[in-house]
Amino acid sequence: MNRLVDRRLSGKNRSAVNRQRFLRRFKTQIRKAAAEAVSGRKVADLERGEKISIPSKDLSEPIFHHGPGGRRNIVLPGNREFVSGDRVDRPEGGGGGGGSGGSPDGEGMDEFVFELTKDEFMDYFFQDLALPDLVKKQLAAVPEVKKARAGFVSQGNPSSLHVVRSMKQAIGRRMAMAAGPRDALREAQDALEELVAQGRGASPEAEALREEIEALRSRIAAVPFIDTWDLRYANRVDQPTPSSQAVMFCLLDVSGSMDEGRKNIAKRFFMLLYLFLTKSYERIDVVFIRHHTVAKEVDEDEFFASRESGGTVVSSALELMKDIILERYPSASWNIYAAQASDGDNWEDDSPRCRELLLQSILPLTQYFAYVEIEAEEPQSLWHEYERVKAASPRFAMQRILTLEDIYPVFRELFRKKVA
Amino acid sequence: METEMESPAPPVAPRQPLSEGSEWTFELLDLYDREIARVAAHYGLDTYPNQIEVITSEQMIDAYSSVGMPVGYHHWSYGKQFLSTQKSYKRGQMGLAYEIVINSNPCIAYLMEENTMTMQALVIAHAAYGHNSFFKGNYLFRTWTDAEGILDYLVFARNFIAECEQRHGEVAVEELLDSCHALMNLGVDRYKRPAKLSMAKEQVRQAEREAYLQSQVNDLWRTLPAKQAAGQEKRAARFPSEPQENLLYFIEKNAPQLEPWQREIVRIVRKIAQYFYPQRQTQVMNEGWATFWHYTLLNHLYDEGKLTDGFMMEFLQSHTNVVYQPPYNSRFYSGINPYALGFSMFQDLRRICEHPTEEDRSWFPELAGSDWVKSLDFAMRNFKDESFVAQYLSPKLIRDLKLFAMVDDDREDKLEVTAIHDDAGYRTVRQLLAEQYNLGNREPNIQVYDVDVFGDRSLSLRHYMHDRRPLGDSTPEMLRHVARLWGYTVRIESVDQNGETRLVATSEG
């Protein structure tokens, strides 16, 4: 009468729906917490799940309960020194030690902490943001396929045998194959009954009918229950999936005026952009270009590491970027994004040249070019020139970042979903 | 407590343990289950058939977060519960060993695959025989819950709510459930006996009920443009004529603006609250009973030589943790541990039957020297926490636990110790501890008092104060939930012992 059941394999993730409901309900709080969480992160581990904590009072489920006051009796265990009639001070903070005997549900936890998965985190983090001018350029050179269901076929390997389909086929075939004999059988039986009703049950005609009935019965019985012809296999075909790819140019000013703090801000900004692009593109190349008076393509470590001194010629970086695009990233098959970070210092005569370069060579090739000016006290010549670029091209955006906390709002501003 | 944990009598039979290692297999589970069942039958435990399910820790967390319902409808609060349980489990703050057992027929008990053989045996004894027999025997469960029908009803509830979500949108259903959950504690009949649940009946009756209810409600609100004088006269008769304790029931039947499907959901939450009501009233007894029996059954098997010493060491370690009662001034103290109190009381009852002292003879003349199995069975069947403590807490146990009573009066500047574990104090301590388990004292007593039927349709609730204790700060928020269900203005007044009323909060509908 007792039963042992192994349920380990059934009903996994039963709470997944409830989890989604929970996340949806506290969307705003979670998004806020996600933004806060990211400002404390290192670049390298930006792309992972996040521990989120929201104030537990925001998500309390209220019940009617007693407030403080009135007269209450409390029974406590572990008496050591009291005798009846003793009078003692109230314990501090009501609940501690003596226990005010209040609601047993009121567990004192100020923060509700839980983990978001990487995908959930990214969703919250980049919610309501969109890549502007997102033309997904397809690339035939990298064929990617996905298995997709495609009906049923009569040939296949045993592991993909579809039992229900096969049995359906078998039923249909049995009905079809037995239909003729069944009709004949019914006729013969009717004829026989008629003969018997006429009292000629023993006549030769009746005998012949009986033999015929017998033969028909065995014919019907001989129809096989299942036949190789019935077998059906689930069919799966390769479906090419369009894959898109993007390249991201990070342009960083490393001249003497860019100190560690500014570079740190720039680094965070680039990282955000990179993460954001990973949401839209499967393949992303990143090109790091740093410049002072001359520009150089470097790897990530070097990009953020050393510090040069001297003046600034921004156009050198733009020139290099243009050359790299022409050489390695034909704009027909690549989505090109660029982010430039600088403190706005530039050699006075160079700024107009930057504007020309952008407008004539670079912007026509790129999807989006974002410029951030970091901790610049006063907009300088580069800013003024870039403002003209912005007026001329919708693919160009610029913002100023003053402190570390500005990064995320500025990023959101740059990539806010434009209402069409 | 140490005295309760004395090692069992030395084994008489030669050791022939059921198993040696700590790994479990399905064969072993079956073997242990049969052995435990045999001993349980020896002690006359009457149980529903058991369905013991082996599950993963994730499924166990699942079961925790759906408050022990094996089939639950979807709601964000269960997701929240899941996240917090998962977190504390991952941090190792809590073990997931006992505790999930479903009051149904067959009785479903969960075993977690990560556990050792010892823990599995402990859980089988605790849940499948301890709790199970309590569910089957205790009078509250017998009157209030229907073990046969509950699984079907939960399936019905989940399907119905899922259907409503499709038809009326998840947000609308969620808001409604939020409000109902908030009022769950006010959704139980304390004195009336509920009808039995069953899915077939529910489904057939639900459609009829929808139509009928709507017509009733409409009728209630069909107000004629009567003359002023007539209106005044009618106003004198209150509706409801008697205060109603079951707020959710009142709303289900009378809220003017609820749609039929909304009434059905109110009803579902109310039924589930009612189903869990006995568990809230018998926590000490239920846990104490189950703990007493896992302790007794496994010790019996050990005395027969069927368990190894290693098994017993592991078992006793876990058992002692469960029944530990930290003193009031310890930083681990969080109220009286129901396992500890319940277990000690049943152990003490057995002691009084088997080895009574003079004191016991004068306090419990009818128990001293009686058959302990029968006396414990009687206690399990006929009491709830409140009356169980009032009846059976012995002076010896009060001394062992060093219980004392304090009074906290906001008119006094200090707390006063009213009674301790001495001759003068036993009865007071026992009485006060029993009252502490009276749900009526723990939760505010709130009743539906009046509806302004001929006016603005506003609903008045009354809070009958006990010992001048006021309502907490959640009251305005709670009233908004009531108002959401009622649809019109809701107000709540507190009535003190002298009958004076004071308006506490109002919420516009």
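Chain A has a secondary structure of 11 helices and 13 strands, where helices (H or I, at least four residues) and strands (E, at least two) are DSSP runs numbered from the N terminus. This is a predicted model, in which local features need pLDDT of at least 70 and side-chain atom pairs count only at pLDDT 80 or more, while totals for chains, interfaces and linings use all residues. Residues are numbered from 1 along each chain as its sequence is written, and chains are lettered from A and ligands numbered from 1 in the order in which they are written.

Of the 420 residues of chain A, 28% count as buried, a word that applies if 20 or more other C-beta atoms, placed from the backbone, lie within 10 Å of a residue's own. Two residues are in contact if their C-beta atoms, again placed from the backbone, lie within 7 Å; among the contacts in chain A between residues at least 6 apart in sequence, 81% join residues at least 24 apart.

Turning to chain B, we find 21 helices and 9 strands, and buried residues make up 43% of its 509 residues.

One helix to follow here is α14 of chain B, residues 338–354, whose 17 residues reach 24 Å from the first C-alpha to the last; this is close to the 24 Å expected at 1.5 Å a residue, the expected span being 1.5 Å times one less than the number of residues. α14(B) is mostly covered, with 12 of its 17 residues buried, including B:Tyr339, B:Phe343 and B:Ile352. These buried residues pack against several helices of chain B, among them α12 (283–303), α13 (309–322) and α16 (372–382).

Helix α1 of chain B, residues 26–42, also has 17 residues, and its buried residues include B:Tyr32, B:Ile36 and B:Val39. What covers them includes β1 (50–55), α4 (117–137) and α12 of chain B, and the helix is followed by B:Gly44, whose phi is positive, near 75°.

In soluble globular proteins, nonpolar side chains tend to be buried together. A nonpolar core is a set of buried Ala, Val, Leu, Ile, Met, Phe, Trp, Tyr and Cys residues joined through C-beta atoms within 7 Å, and the largest one has 106 residues, with B:Ile36, B:Leu298 and B:Val429 having the most contacts inside it. Its largest share, 12 residues, comes from α4(B). Apart from this core lies another, of 57 residues, among them A:Ala246 and A:Leu252.
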